[in-house]
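Today I'll go through the salt bridges in one model. I'll take the pairs one at a time and then turn to a network.

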There are 2 protein chains.
Amino acid sequence: MERIAWLNGAYQPLEQVRISPLDRGFLFADGVYEVTAVLDGRLVDSAAHLDRLKRSADALGLSLPLALGDVEAVERELVARNRLDQGTIYLQLTRGAGPDRDFWPDPSLAPTLFLYTQAKDLLGNPAATTGVEVVTARDLRWARRDIKSVALLAQVMAKQAAHDAHAFEAWLVEDGFVTEGASSSALIVTREGAIVTRPNGHAILPGCTCKAVLAIAERDGVAVQERLFTVGEALAAQEAILTSASNFVLPIVAIDGHPIGSGVPGPVAARLRALYIEAARG
Amino acid sequence: MERIAWLNGAYQPLEQVRISPLDRGFLFADGVYEVTAVLDGRLVDSAAHLDRLKRSADALGLSLPLALGDVEAVERELVARNRLDQGTIYLQLTRGAGPDRDFWPDPSLAPTLFLYTQAKDLLGNPAATTGVEVVTARDLRWARRDIKSVALLAQVMAKQAAHDAHAFEAWLVEDGFVTEGASSSALIVTREGAIVTRPNGHAILPGCTCKAVLAIAERDGVAVQERLFTVGEALAAQEAILTSASNFVLPIVAIDGHPIGSGVPGPVAARLRALYIEAARG
């Protein structure tokens with residue numbers, strides 16, 4: 001089936017969507033993005049993603065050409081036009097294209113807003129039962145990781161390192177502490193059964209899925225500690241877990257080749273994944 | 001006159017050049033670039049820019065679709081087709097567009113190579129006689145600034161800060177030391193007449209113009225010290241100077257509103273600019 005995307009007000013076949021190479025998203029990574037899961041044809045955690053989109057745009061002085069409610073309406077329409085049952089919606093907002101390349105972000109430019117959908121079997125993800133492996137990599141990123149910008153080159157390099165090691169994800173490490181995954185939040189479960197994850201701040205992106213999962217965990221009676229943790233603590237943990245919009249909750253069975261816990265998916269990850277999916281479908 | 005650009009093998013009007021929003025340059029800032037000056041219709045420091053392009057591409061595992069000599073041939077042809085006497089050539093290489101958004105940099109993708117020209121009166125730049133002001137800003141950038149990547153969002157933010165302060169450029173500061181300008185190299189001239197600039201490494205981009213200017217200075221009998229310098233040293237300097245491909249050599253007359261030296265363009269900057277232009281035209 002031909003995929004329908006949306007660019008600056010027009011629905012059109014994804015294959016035909018084109019932008020100018022003078023778009024500041026292309027020239028300067030001067031843009032932000034969001035990835036929202038779709039389950040049963042419905043948006044998951046949509047309010048959180050729209051809030052974060054607004055927050056990222058505001059941090060850069062980017063203006064959204066649509067009200068958030070209208071963005072969501074476009075997302076729903078894309079789900080309908082693409083008959084999307086499970087998958088993701090990708091949204092990218094940039095400062096737009098000028099007549100020439102100029103570092104200074106001219107506020108009079110018309111922003112570029114692009115959305116498209118991607119089908120993916122989110123519920124049947126085999127990684128949920130097999131677990132995934134991660135490798136650690138030095139966190140090379142800039143100082144404002146709380147902004148979900150498209151300046152993702154350091155993450156691409158980390159994903160390359162993960163791929164080279166036949167791992168699913170890279171956990172980024174700074175001063176001995178895990179910040180987060182290249183495209184996911186990083187959590188561990190201590191021997192005492194508490195979930196530990198880094199507190200929000202400039203060092204990490206505030207994860208929408210992570211936030212929802214932590215709330216679910218607390219309601220389920222699990223202690224949540226938002227604090228820094230080292231690679232050593234992760235290696236000694238009972239479980240390690242990653243969360244992201246497109247992966248929900250996944251158990252991590254090895255870090256840098258060292259098995260975590262008993263080296264098989266653990267019960268906390270499985271329960272949180274089940275509860276998260278239940279809430280998303282409810 | 002209609003401007004002619006080059007994209008993936010085809011010369012075409014700049015206004016008509018289009019790329020896919022799935023290009024990894026747009027989605028991930030997964031690309032590198034160069035800006036080369038054109039003077040009297042000839043490329044300035046071309047070998048240095050091509051060397052750096054290759055170095056940046058290699059650092060990211062990006063493959064150039066053309067041999068460097070063929071890249072230069074395209075640049076010369078663009079100069080001819082655009083009848084460019086003075087200005088710049090912009091070149092951007094990205095990892096290309098995949099069928100979908102995927103962090104992992106699939107090596108089978110065909111890279112995107114885009115070049116276009118911009119006319120600018122480089123010799124008659126009024127800033128060469130008036131001097132420019134700079135402001136300092138925290139260096140927010142990532143850990144591999146030696147790669148000339150398009151992940152330039154931190155630089156855009158610094159340029160915004162400079163613009164807000166009615167300054168021409170931002171000097172980026174890390175741990176009290178100046179790294180470099182947002183889009184230029186940073187140099188000072190001490191009270192003893194020595195030029196000081198930060199040594200190359202991961203913390204800064206190796207400047208092609210800066211390298212040429214330092215060689216000219218040494219031949220002219222000026223001492224060059226490649227070492228870190230603080231904002232305080234810059235404020236106390238006899239002169240402050242910026243170099244870049246599109247600005248050659250410019251005198252800085254104030255930093256954060258404080259006059260440098262006597263607050264007017266100094267003789268070292270003027271002489272280095274003259275010698276650089278002489279060499280470029282020679």
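Let's start in chain A, where Glu233(A) pairs with Arg227(A) in a salt bridge, with 3.0 Å between the closest N and O atoms. By salt bridge I mean a side-chain nitrogen of Lys or Arg within 4 Å of a carboxyl oxygen of Asp or Glu. Glu233(A) is partly exposed at 30% relative accessible area, and Arg227(A) is partly exposed at 30% as well. The cut-offs are under 20% for buried, over 50% for exposed, and partly exposed in between, using a 1.4 Å probe and protein chains only.

On conventions: this is a predicted model, where local features need pLDDT of at least 70 and side-chain atom pairs count only at pLDDT 80 or more, while totals for chains, interfaces and linings use all residues. Residues are numbered from 1 along each chain as its sequence is written, chains are lettered from A and ligands numbered from 1 in the order in which they are written, and side-chain values use heavy atoms, leaving out hydrogens and water.

Next, chain B. Asp40(B) and Arg281(B) form a salt bridge, closest N and O atoms 2.9 Å apart. Asp40(B) sits in the loop between β3 (31-39) and β4 (42-43) of chain B, and Arg281(B) in helix α8 (residues 267-281), so the pair ties together parts 241 residues apart in sequence. Helices (H or I, at least four residues) and strands (E, at least two) are DSSP runs, numbered from the N terminus.

Asp139(B) bridges to Arg141(B) at 2.8 Å between the closest N and O atoms, and both residues are buried.

In chain A, a salt-bridge network links Asp139(A), Arg141(A), Arg145(A), Glu174(A) and Glu180(A). Over all chains, the search finds 34 salt bridges.
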